[in-house]
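Subject: Handover of a structure for your review

Dear colleague,

I am passing on the structure below for your review. Please look at it first, and then read the notes that follow.

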Amino acid sequence: MKDLIQLFKEQFSHLELIYKLAIFNVKSEYSNHYLGIFWNILQPALQVGLYYLVFGLGLRSTRADIDGIPFIIHLISGLFPWLFISQSINRGSNAIFSKLSIVTKMKFPSSTLLSITFVNSLINLLITTAFLFVVSLYHHYVPGWHYLIFIYFIIASYAFIFGLSLIMSTLTVLVRDTRNLLQNFIRMCFFLTPVFWSIENSTPVMKHITGLNPFTYLVGVYRSAFTHAGGGLYGAWHDHLYFWALSLLLLFIGAKIHFKFRNRLVDYL
């Protein structure tokens with residue numbers, strides 16, 4: 001617990017550094033591209049178009065709604081958070097390895113690199129979510145207070161992604177195969193997460209599997225903020241308990257591993 005408290009102290013004491021570097025990374029990422037930051041909109045839009053053609057017009061062959069929501073909106077409300085989650089995890093797992101030479105020469109905690117990558121991805125999510133927010137507001141998909149659930153989504157995402165990134169960013173340096181394993185794991189989880197399909201229409205076995213998938217919880221929370229009114233926040237009490245127990249476990253393990261190896265990671269290069 002002491003390690004975990006120290007980690008969060010490092011994040012809070014370097015909030016300004018995290019914010020400035022995140023903004024710098026966003027600006028520099030597409031600095032040599034003609035379309036610049038517009039790629040943050042164009043890339044998700046292209047993926048939405050592709051998945052809609054395949055899973056909407058291709059496999060479904062109809063324009064039937066899912067849970068009372070048009071399929072295209074259901075797809076967007078699942079794909080946007082998924083892109084944010086997968087991007088955050090992939091970047092976070094490689095954050096320390098890609099900046100290891102800088103970390104060893106400058107005096108700032110390497111754990112802040114994980115928060116920087118998270119904020120980078122969050123900025124992209126805010127841009128795409130602005131579109132979904134306007135659509136949701138126009139069609140009155142949810143009551144006004146539901147939009148506040150988005151804040152909870154950010155907090156829950158940070159807890160889970162930061163904990164997982166702590167573990168994977170260290171293992172990526174120690175065992176190079178870790179990054180490849182993680183990428184394949186993320187791809188597998190994409191199809192086990194109800195991005196373009198509905199849990200309610202799946203088999204009992206699939207419902208049980210997706211119930212154990214933390215990404216299902218995060219996508220469900222995001223949807224409850226913008227498109228699925230339901231009874232309020234996504235999930236039953238046991239869903240919240242499971243997700244936060246898993247997130248706290250990842251944070252605890254990640255803190256232990258991070259502090260054990262972070263001063264010796266350069267020896268493994």
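Predicted model: local features only at pLDDT ≥ 70, side-chain atom pairs only at ≥ 80, totals over all residues.

Overall fold

The protein has 11 helices and zero strands. Read from the N terminus, its elements run α-α-α-α-α-α-α-α-α-α-α. The chain comprises 269 residues, of which 47% count as buried. Among contacts with a separation of 6 or more, 79% join residues 24 or more positions apart.

Helix 10 (residues 214-226) meets helix 4 (residues 71-98), where the axes come within 9 Å and cross at roughly 130°. The two helices are therefore oblique to each other, and their crossing is right-handed. Helix 4 contributes His74, Ser77, Gly78, Phe80, Pro81, Trp82, Ile85 and Ile89 to the contact, while helix 10 contributes Phe215, Leu218, Val219, Tyr222 and Arg223. By class, nine of these residues are nonpolar, three are polar and one is charged.

Helix 10 also packs with helix 7, the axes coming within 8 Å and crossing at roughly 165°. An angle over 145 degrees counts as roughly antiparallel, and helix 7 and helix 10 are therefore roughly antiparallel to each other. This crossing is left-handed. On the side of helix 7, the contact is made by Ile149, Phe150, Tyr152, Phe153, Ala156, Ser157 and Phe160; on the side of helix 10, the residues include Pro214, Phe215, Leu218 and Tyr222. The contact of helix 7 with helix 10 has 14 nonpolar, two polar and no charged residues.

Phe160 in helix 7

Phe160 lies in helix 7. With a relative accessible area of 4%, Phe160 falls under the 20% cut-off and is therefore buried. Setting aside neighbours within four places in sequence, Phe160 is in contact with Pro214, Phe215, Leu218, Phe243, Leu246, Ser247 and Leu250. Phe160 and Leu246 are 86 residues apart along the chain, yet their C-alpha atoms are separated by 7.8 Å.

Helix 11

Helix 11 (residues 237-261) has 25 residues. From its first C-alpha to its last, helix 11 reaches 36 Å, close to the 36 Å expected at 1.5 Å a residue. Its buried residues are His240, Phe243, Ser247, Leu250, Leu251, Gly254, Ala255, Ile257, His258 and Phe261. An α-helix has 3.6 residues a turn, so residues three or four places apart point the same way. What covers the buried residues of helix 11 includes helix 1 (2-13), helix 4, helix 7 (149-174) and helix 10.

Not counting residues up to four places away in sequence, Thr117 touches Arg91, Gly92 and Ala95.

With kind regards

Terms used:
Residues numbered from 1 in each chain as written. Heavy atoms only, no water. Axes fitted to C-alpha atoms, helices over the stretch in contact; angles between N-to-C directions. Helix = DSSP H or I, 4+ residues; strand = E, 2+ residues; numbered from the N terminus. Parallel < 35°, antiparallel > 145°, perpendicular 65-115°, else oblique. Left-handed = near helix turned anticlockwise from the far one by under 90°. Contact = heavy atoms within 4.5 Å. Nonpolar A, V, L, I, M, F, W, Y, C, P; charged D, E, K, R; others polar. Expected span 1.5 Å × (residues − 1). Buried < 20%, exposed > 50% of the residue type's maximum accessible area, 1.4 Å probe, protein only.
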